[in-house]
Amino acid sequence: MATQTLYEVLGVARDAGADDIRKAYRRLAKEFHPDLNPGKPEAEARFKSITAAYDILSDPEKRGRYDRGEIDESGAERPRYSYRPHAEGAQGWKYRPEGEMDIGDLDDLFAMFGRGAGGRAGRGGRGEAGFQMPGPDRHYTLTIDFVAAANGGKERLSLAPDQWLDVTIPPGIEQGQILRLKGKGAAGLGGGPPGDALIEVLVAPHQFFRRDGDDIHLDLPVNLPEAVLGARVAVPTITGPVTMTIPKGSDTGTRLRLRGKGIQRRRGDANHAGDQYVTLKVVIGLGDDPELAAFLRGWSDKHKTDPRGTMGGAAGQPTGEAAS
Amino acid sequence: MIGADELLRRIAGLDRAELVRWIDNRWIVPDDAGGAWLFREVDIARVELILDMRRACAIDDEAMPVVLGLVDQIYNLRRQLRRLCDALEAQPADIRDQIRRALPPDDNRGT
C-alpha cells in the first residue's frame with residue numbers, strides 16, 4: 001500500500017488554507033491525544049503522525065518544499081529521480097526523437113557525417129577489403145499480458161507495418177526478463193554474421209490474478225449460501241475455468257489450493273507446476289432484503305459472535321459517533 | 001511500472017489535468033495496458049525532469065517542446081556513442097591502438 005500523503009493524514013484538500021489545516025489538526029489532536037486515550041497505543045501513533053503532518057503543513061516553507069517533492073512525509077530530503085541514468089539506460093530508446101540516428105550498422109554512422117563507404121576506404125588508404133564485423137544487437141521491448149507470460153507461447157513483435165519478429169515466450173517469464181534471438185539483429189558488415197535481437201519482456205498486471213513465483217493467487221467472491229452450505233463453483237485459472245468445491249462452513253479469508261494449476265514449466269528434466277491459491281471473499285450482495293433480515297433477527301440472538309474480538313481494545317468503547 | 005494514481009501520489013505538486021496535458025502533448029508517453037496508463041521508471045524520471053525545468057528554470061509550455069526535443073536528441077546521441085564505445089572497447093588492444101592513433105585531436109577550431 002502506498003503511504004498516505006500528509007494532506008490525507010489530516011483529512012484536508014491539497015489546496016487547503018492555513019486555517020483549515022489548523023482546524024483539522026486541532027480536531028484530530030483532541031480526538032487522538034494520548035492523555036485523552038490512556039492505554040491505546042494506536043491513538044498515540046495516530047497522534048504522532050497527525051502532529052508530524054501538522055509540523056510540515058503549518059510551516060509555509062516546509063509545506064512548499066513538501067509540495068514540490070523536495071522532502072518526504074517525514075521531512076527528510078527526498079531522493080531525486082535523476083533522468084540521465086534512465087535516459088541513457090535500457091529504457092531510454094522510448095524518447096528517441098523520430099527519424100533520429102540509430103547506429104544500426106557502421107554505415108549509418110558514416111552516413112550521418114556525410115561519409116559513405118567509399119570515403120572510408122579512400123581516407124584510410126589501407127587495404128580494407130577483408131574488413132568484417134559482426135552486426136550489432138538490436139534492442140526491443142515487448143509488453144505481453146499476464147496469462148501469456150504465465151503460460152508461455154508465441155508472441156509477435158512488430159518492428160514496422162510489414163516487418164515483425166516471432167518470439168517464443170517460455171512459461172513463467174518474469175517482468176524485465178530479456179530474450180535473445182540469435183541472428184535477428186542488424187546485418188553484419190563485409191559478410192560478418194548478423195547481431196542478435198534482445199527483447200525486454202514487460203508483463204502487464206492482471207485484473208484478478210497475482211503471481212508469487214510459480215504460484216497464482218486469486219480472490220474469489222462467494223455468496224452467503226455458498227460459504228455456509230458449501231458449493232461447487234467455477235474458478236478462473238490461467239489455463240481456463242475449473243470446478244472447485246467450496247467446503248461448507250467456509251468464510252472470508254478461507255484459502256483453498258488448486259494443486260498444479262499454477263505455472264507449469266520444465267526445470268531440468270522434470271516438469272514442475274505451481275499451485276493456484278484461491279482466497280474466498282464472502283459477498284452478501286442482497287442489499288436490504290426483508291426475508292434475510294427477518295431470519296437473522298431470530299437467529300443472531302441465539303448465536304453471538306464477536307468478529308472484532310481479535311482487534312483488542314481498538315474497536316471497544318467508542319468515544320464518539322463517526323460521520324458517514 | 002506504476003499506474004497514474006500511484007504516480008500522482010508519489011510526485012507531490014503534480015495534478016492530474018497537468019499530467020493528462022503532458023501525455024496529450026506526447027511529452028510523456030506511458031505504456032498502454034488495455035486503456036490504462038502504465039509508467040516506467042524512465043517516465044517517472046521524465047515527469048520529475050519536466051517539473052524541475054518549469055520550477056527551477058522557468059521554462060513554460062511554449063518552450064518546453066523545444067527543450068525536450070534537444071534533450072532527447074542529446075540522450076539519443078549519448079546512447080549511440082556509448083554503443084560505439086562498447087564496440088570499440090570489445091576490440092583487441094592493437095585495434096584499439098590503431099583507432100586511438102587515427103583519432104584526430106579536437107583542436108580544429110575553425111580559422
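Chain A exposes about 20500 Å², and carbon and sulfur atoms supply 52% of that area. Accessible areas come from the Shrake-Rupley method with a 1.4 Å probe; for residues, only the protein chains shown count as cover. The model is predicted: local features need pLDDT of at least 70, side-chain atom pairs count only at pLDDT 80 or more, and totals for chains, interfaces and linings use all residues. Residues are numbered from 1 along each chain as its sequence is written, chains are lettered from A and ligands numbered from 1 in the order in which they are written, and side-chain values use heavy atoms, with hydrogens and water left out.

Chain A contains ten helices and 13 strands. Helices (H or I, at least four residues) and strands (E, at least two) are DSSP runs, numbered from the N terminus. Of the 324 residues in chain A, 30% are buried. Buried means under 20% relative accessible area, exposed means over 50%, and partly exposed lies in between (1.4 Å probe, protein chains only). Contacts (heavy atoms within 4.5 Å) were also counted by sequence separation. In chain A, 50% of the contacts with a separation of 6 or more involve residues 24 or more positions apart.

Chain B has five helices and two strands. Their order from the N terminus is α-α-β-β-α-α-α. Buried residues account for 34% of its 111 residues. Residues 24 or more positions apart give 46% of the chain B contacts with a separation of 6 or more.

The interface comes next. The size of an interface is often given as the accessible area lost when the parts come together. Between chain A and chain B, the buried area is about 3600 Å², and carbon and sulfur atoms give 53% of it. Buried area here is the accessible area (1.4 Å probe) that two parts lose on being put together, summed over both. In contact are 42 residues of chain A and 37 residues of chain B. Ten residue pairs across the interface are in polar contact (both at pLDDT 80 or more). A polar contact is a pair of N or O atoms within 3.5 Å; within protein, one must be able to donate a hydrogen and the other to accept it, and residues adjacent in sequence count only if both atoms are side-chain atoms. On the side of chain A that touches chain B, at least two residues each come from helix 4 (60-67), helix 5 (83-87), helix 6 (106-112), strand 1 (138-144) and strand 5 (197-203). Helix 5 gives the largest share, four residues. This side of chain A comprises 18 nonpolar, eleven polar and 13 charged residues. Ala, Val, Leu, Ile, Met, Phe, Trp, Tyr, Cys and Pro count as nonpolar, Asp, Glu, Lys and Arg as charged, and the others, Gly among them, as polar.

Over all chains, the structure holds 23 salt bridges. A salt bridge is a side-chain nitrogen of Lys or Arg within 4 Å of a carboxyl oxygen of Asp or Glu. Four salt bridges are counted between chain A and chain B. One of them joins Arg78(B) and Glu88(A) at 2.1 Å, N to O. A salt-bridge network links Arg84(A), Glu88(A), Arg78(B) and Arg82(B). Asp43(B) and Lys94(A) also form a salt bridge, at 2.9 Å, N to O. This pair runs from helix 3 (residues 41-57) of chain B to the loop between helix 5 and helix 6 of chain A. Asp43(B) is buried at 0% relative accessibility. Lys94(A) is buried at 13%.

Within chain A, Asp196(A) lies in the loop between strand 4 (178-181) and strand 5. Asp196(A) counts as buried because its relative accessible area is 7%. Its side chain makes a polar contact of 2.6 Å with that of Arg180(A). Asp196(A) also forms a salt bridge with Lys182(A), at 3.1 Å, N to O. Lys182(A) is exposed, at 65%.

Two further sites are buried in strands. Val167(A) sits in strand 3 (residues 163-169), with 0% relative accessibility. Val167(A) touches residues including Leu142(A), Leu179(A) and Ile199(A). Gln276(A) belongs to strand 13 (residues 276-283) and is buried at 0%. A polar atom of the Gln276(A) side chain lies 3.0 Å from the backbone oxygen of Pro236(A).

Key:
Lists of a residue's contacts leave out its neighbours within four places in sequence.
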